Amino acid sequence: MIDAVIAIGEIDYMRSFQALFPMVCDKCQSMETENYLVRLLQKVGNASTPVLTALLAPLPEGQKRELLCSLAGAFGPDLTKALNHVLAKDKVGQGLQLGGTALTPEGEEMFLSLSGIQVDYKTILHSETVREKAARTADHLLRGYIGKPMAQRIAKKGVDHAAALAGAMPGTSERVVLSVLEQPKTQAAILRLAEDALESRGLCLRLLGMRFQPSRPAPAPVRQRLHFSHELEEALLDSLSAYLRAAVAMKEGER
């Protein structure tokens with residue numbers, strides 16, 4: 001298995017929050033927690049969406065980013081399912097099956113992490129869209145095992161022979177597939193599919209680029225829940241206080 005990290009560019013926070021809050025409110029109803037923000041959502045239900053979006057507008061981008069990551073974390077399995085659904089419709093993507101999905105903030109940036117990706121090497125190596133690239137890469141890699149003359153003769157006999165033999169060599173099929181997935185055109189196609197899948201689940205993001213790495217051991221499964229840092233809770237409380245003061249002042253001005 002392999003993991004992938006996707007860099008995120010432009011983020012439409014308000015569209016994302018407006019789309020996510022109804023689902024968040026529904027999910028909160030079944031949560032047992034002492035967190036006052038979650039309890040507030042439980043009490044006001046879907047009626048909270050207009051108020052909450054108004055509260056979030058003045059937050060600094062870093063705290064909006066943290067909040068979006070927290071909300072997305074509560075829907076990790078849903079995001080993974082959506083991404084796998086669109087990948088299955090793509091000639092290259094159908095050879096990939098994601099194990100987990102998460103949004104992770106790093107400083108002033110945010111990344112989409114895809115973990116535990118199972119790769120069907122045979123499907124990808126024989127996909128019509130990547131066979132030529134797979135054969136060229138296989139030819140290059142096979143030279144290390146059987147020498148340049150033999151590798152060239154195999155490549156001349158056809159794409160399928162070269163790709164199939166590469167797949168039979170220990171570790172070579174993974175290197176061939178990764179070289180295919182790292183091609184700009186292939187990545188651009190996968191990123192467009194991923195953007196559409198994420199938007200269907202309420203996340204309006206622009207994905208910039210993808211890098212692959214060996215899969216790390218999966219963490220122990222934990223119950224999906226909403227988590228807010230103390231700093232984020234304080235910022236939301238300050239915003240709520242300002243919102244309530246403005247609402248009271250407006251009411252008094254109408255008298």
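A cavity, on a 1 Å grid over the protein atoms alone, is a set of points where a 1.4 Å probe fits but cannot get out, and its lining residues have an atom within 4 Å of a point. The model used here is predicted, so local features need pLDDT of at least 70 and side-chain atom pairs count only at pLDDT 80 or more, while totals for chains, interfaces and linings use all residues. Residues are numbered from 1 along each chain as its sequence is written, and side-chain values use heavy atoms, with hydrogens and water left out.

**Exercise 1. Find the cavities and describe their linings.**

Step 1. Start with the whole structure: a search finds two cavities of 30 Å³ or more. A volume here is the space filled by probe spheres set on the points, with grid points joined across faces, edges and corners.

Step 2. Take the largest cavity, which holds about 110 Å³ of space. Its lining consists of A4, I6, L83, L87, L96, L98, L114, I117, I190, A194, M210 and F212.

Step 3. Two or more residues come from each of β1 (2-11), α5 (76-87), β4 (109-119), α11 (184-200) and β5 (205-214).

Step 4. Sort by class: Ala, Val, Leu, Ile, Met, Phe, Trp, Tyr, Cys and Pro count as nonpolar, Asp, Glu, Lys and Arg as charged, and the others, Gly among them, as polar. The lining of the largest cavity has twelve nonpolar, no polar and no charged residues.

Step 5. Now turn to the second largest cavity, with a volume of about 30 Å³. L20, M23, F75, D78, L79 and R201 line this cavity, and α1 (13-28) and α5 each give at least two of its lining residues. Here the classes are four nonpolar, no polar and two charged.

**Exercise 2. Work out how α5 packs on α11.**

Step 1. Compare the axes, which are lines fitted to C-alpha atoms, for helices over the stretch in contact, with angles from 0 to 180 degrees between N-to-C directions. For α5 and α11 the angle is about 135° and the axes are 9 Å apart. That makes α5 oblique to α11, given that angles under 35 degrees count as roughly parallel, over 145 as roughly antiparallel, 65 to 115 as roughly perpendicular and the rest as oblique.

Step 2. Assign the hand: a crossing is left-handed if the near helix is turned anticlockwise from the far one by less than a right angle, and right-handed if clockwise. The α5 and α11 crossing is right-handed.

Step 3. List the contacts (heavy atoms within 4.5 Å). From α5 come L79, A82, L83, V86 and L87, meeting I190, L193, A194, A197, L198 and S200 of α11. This contact divides into ten nonpolar, one polar and no charged residues.

**Exercise 3. Describe the packing of α4 on α12.**

Step 1. Helix α4 (residues 61-73) packs on helix α12 (residues 230-254) at an angle of about 115°, with axes 10 Å apart. α4 is therefore roughly perpendicular to α12.

Step 2. The crossing is left-handed. Q63, E66 and L67 of α4 make the contact with E231, L232 and A235 of α12, giving three nonpolar, one polar and two charged residues.

Terms used
Helices (H or I, at least four residues) and strands (E, at least two) are DSSP runs, numbered from the N terminus. On a 1 Å grid over the protein atoms alone, a cavity is a set of points where a 1.4 Å probe fits but cannot get out, and a pocket is an open set with protein on both sides within 12 Å along at least five of seven lines; lining residues have an atom within 4 Å of a point.
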